[in-house]
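Please open the structure in your viewer and keep the selection tool at hand. The tour below goes from stop to stop, saying what to select and what is there.

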Amino acid sequence: LVDIGAGSDRLHFLRDLRRLRPHTLEETSEQLINLKDADGIGGVLTAYSILTNRLEFTLDGRTLSRDELMSFAHSPKAEERAGAYRELYRVYGKEATLLGQLYVHRVRDWHNENLGLRKYRSPIAVRNVGNDVPDQAVEALLDVCAEEAGIFHRYFRWKARQLGSTSGVLERSDLYAPLASSTRQIPFDEAAALVLDTFRSFHPRLGEEAQKVFVEGHLDSELRKGKKGGAFCATITPRLTPWVLVNYTGRVRDVATLAHELGHAVHSLLARDHDLFTQHPCLPLAETASVFGEILVTDRLLAEEKNPAARRDLLAAALDDMYATVLRQAWFTRFERWAHDAVMAGKSTDELSDHYLEDLKVQFGDSVAVPDEFRFEWTAIPHLFQTPFYCYAYSFGQLLVLSLYRRFQEEGERFKPGYLRLLGQGGAARPLDVLAEVGVDPRDRSFWRGGFGVVRELVEELESL
C-alpha cells in the first residue's frame with residue numbers, strides 16, 4: 001500500500017477522479033460505450049476531419065489549402081481579405097448539408113450517452129464537470145460577455161474609421177485587417193532582457209524562474225527552414241525546466257509572444273513541487289501566467305513607446321486577440337447551447353445556419369457588416385464537432401486574467417503573494433480553491449465585469465491617439 005497522506009497530491013488526484021463517479025457506469029456498460037465510440041461517433045468525427053482536410057480553395061487562379069487561404073485574412077489588401085472569406089464559405093456552403101448531418105449525429109450521441117446514460121444535468125454540464133468549474137461560473141461568464149459586447153463594438157467602429165470607412169461600420173472580412181504598421185524592430189537580446197526585467201519588477205521570483213529557461217538553453221527563437229511555426233511551451237516533467245519555442249522576427253508584437261510563452265514556463269516552474277499528475281493546471285486556469293505576463297510586458301511597452309504608430313499597433317493587436325479569445329469563443333459556446341437543444345428538437349441544418357447568422361449579427365450589433373455567407377461559419381469550427389463546449393475555456397482563461405489584472409491595478413503589492421500561491425498550486429487543488437488564493441469567486445458577475453474594464457481602458461486609449 002502507498003501512503004497517500006491527507007494533504008498529498010495523490011489524495012487530491014484520487015479525489016478528483018471520484019468527482020466523475022456519479023457519471024461512471026458499471027464496467028460492462030463502459031466497455032460497450034468504448035466499442036460504440038470506436039466505430040460510431042469516432043467514425044463520424046474521422047469523416048468530418050477527412051472531409052474538411054481535403055477541401056481545396058481557389059483564389060486568384062491558385063489552388064490553396066485552408067491555412068494558405070486564410071493567410072489572406074490578414075492581407076493589407078481589402079479585396080484579398082474579402083475574397084478569402086467568400087471562397088472559404090463558398091466551399092463550406094457546398095458541403096453544409098453533409099457537415100450539418102455529421103453535426104446532428106455528434107449532438108445526438110452526446111445527448112444519448114451523457115444525458116441519457118450518464119445523467120449529466122445538461123449538455124454543457126459534461127464539459128463543466130470535466131473542467132471542475134461550477135455551472136453558475138460558466139453562466140456568469142457567458143452572460144457578462146453578452147452584456148459587455150458593446151465595448152468591442154466601439155473598437156470595431158474605431159478600426160472601421162482607421163481603414164477609411166465613412167459609415168463607421170467594419171466589414172466582417174476586415175476584422176483582423178492590419179493597420180499601417182510601425183517599422184520598429186527590437187533585437188532578440190533586447191526583448192529577452194525587457195521581458196525578464198518586467199517579470200522581475202513584478203516579483204523577483206518570476207524573473208528568477210524565467211531566467212532558468214535561458215540559462216539551461218531551453219529556448220529556441222531562431223528563424224530557420226523546416227522549423228515548426230508559431231510558439232509554444234512544453235512542460236515534460238516537474239523535474240525538468242520547460243522548453244520554449246518562438247519564431248522571433250523582431251516585431252514589437254513578438255515581444256509579447258515571448259512573454260506569453262515564458263509565462264507558461266514560470267507557471268510550471270512555480271508548480272514543480274507537485275507530481276506529474278498535479279503539476280499542470282486545469283484547462284480554464286492554464287493561460288493564467290502566460291496572459292498575465294503578456295499584459296505586464298504590453299503595459300511596459302506602451303509606457304515606454306513614444307511612437308504613436310507603434311503604440312496604436314500594440315493596442316490594436318492586443319484588442320484583436322482579446323476579441324478572438326473572449327467574445328468570439330463565448331459566442332461559439334452560446335450557439336452550441338442553442339444548437340444542442342435545437343438538434344434534439346428536430347431542427348434542420350438550414351435552421352441551424354439561419355440561427356447562427358442572426359446570432360452573429362447580435363454579437364456585432366451595428367458595428368460590423370456580416371455577409372450572408374457567414375451563415376456557414378459554424379460548420380468550419382472543428383471544436384464544435386470534436387470537443388463540444390470546449391471553446392468557453394478560452395474566454396474563461398483570457399477574461400480571468402484581465403479580471404485578475406484589474407485586481408492587481410487596484411491592490412498593488414497586496415495582490416502579489418496570493419497570485420504566486422495561485423500559480424504554485426498548479427493542478428493540485430480545485431479551481432475554486434485556487435482562485436480563492438486571490439479572493440476570486442468566478443460565480444460573481446462583478447468579477448468578470450472587471451476584466452471588461454481593462455478592455456474598455458485600452459479602447460479609450462486607442463480613441464485618444
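Where is the place of Ala271? Select Ala271, and you will find this residue in the loop between α12 and α13, where helices (H or I, at least four residues) and strands (E, at least two) are DSSP runs, numbered from the N terminus. Before going on, note that this is a predicted model, in which local features need pLDDT of at least 70 and side-chain atom pairs count only at pLDDT 80 or more, while totals for chains, interfaces and linings use all residues. Residues are numbered from 1 along each chain as its sequence is written, and side-chain values use heavy atoms, with hydrogens and water left out.

Stay with Ala271, which counts as buried because its relative accessibility is 0%; buried means under 20% relative accessible area, exposed over 50%, and partly exposed in between, with a 1.4 Å probe and protein chains only. Not counting residues up to four places away in sequence, Ala271 touches Gln279, Leu423, Gly424 and Gly426, a contact being heavy atoms within 4.5 Å.

Next, select Ser268, which is found in helix α12. Ser268 is buried, with a relative accessible area of 11%, and, leaving aside residues up to four places away in sequence, Ser268 touches Thr235, Pro242 and Gln279.

Now move to α13 and colour the whole helix. Its 17 residues should span 24 Å at 1.5 Å a residue, and the end C-alpha atoms of α13 are 25 Å apart, which agrees; the expected span of a helix is 1.5 Å times one less than its number of residues. Helix α13 is mostly covered, since twelve of its 17 residues are buried, including Thr288, Val291, Ile295 and Leu302. To see what covers these buried residues, show α10 (188-202), α12, α14, α17 (392-411) and α18, which are among the covering elements.

Grid points are joined across faces, edges and corners, and a volume is the space filled by probe spheres set on the points.

Which residues line the largest cavity? Select Phe199, Leu206, Gly263, Val266, Ala289, Phe292, Gly293, Leu296, Tyr419 and Leu423, which surround a volume of about 50 Å³. Helix α13 gives the most to this lining, with four residues.

For the second largest cavity, with about 40 Å³ of space, select Trp331, Phe332, Phe335, Tyr356, Asp359, Leu360 and Gln363. Two elements, α14 (308-344) and α15 (349-364), each give two or more residues to the lining of this second largest cavity, and α15 gives the most, with four.

Finish at the open sheet, in which three strands follow the order β4-β6-β5 with mixed pairing; two strands pair if DSSP finds at least two bridges between them. The edge strands, β4 (219-220) and β5 (232-234), each pair on one side only. Between β4 and β6 (residues 243-245) the pairing is parallel, over two bridges, and selecting Leu219 will show Val244 of β6 standing opposite.

How values were computed:
1 Å grid on protein atoms, 1.4 Å probe; cavity = no way out; pocket = protein on both sides within 12 Å on 5 of 7 lines; lining within 4 Å.
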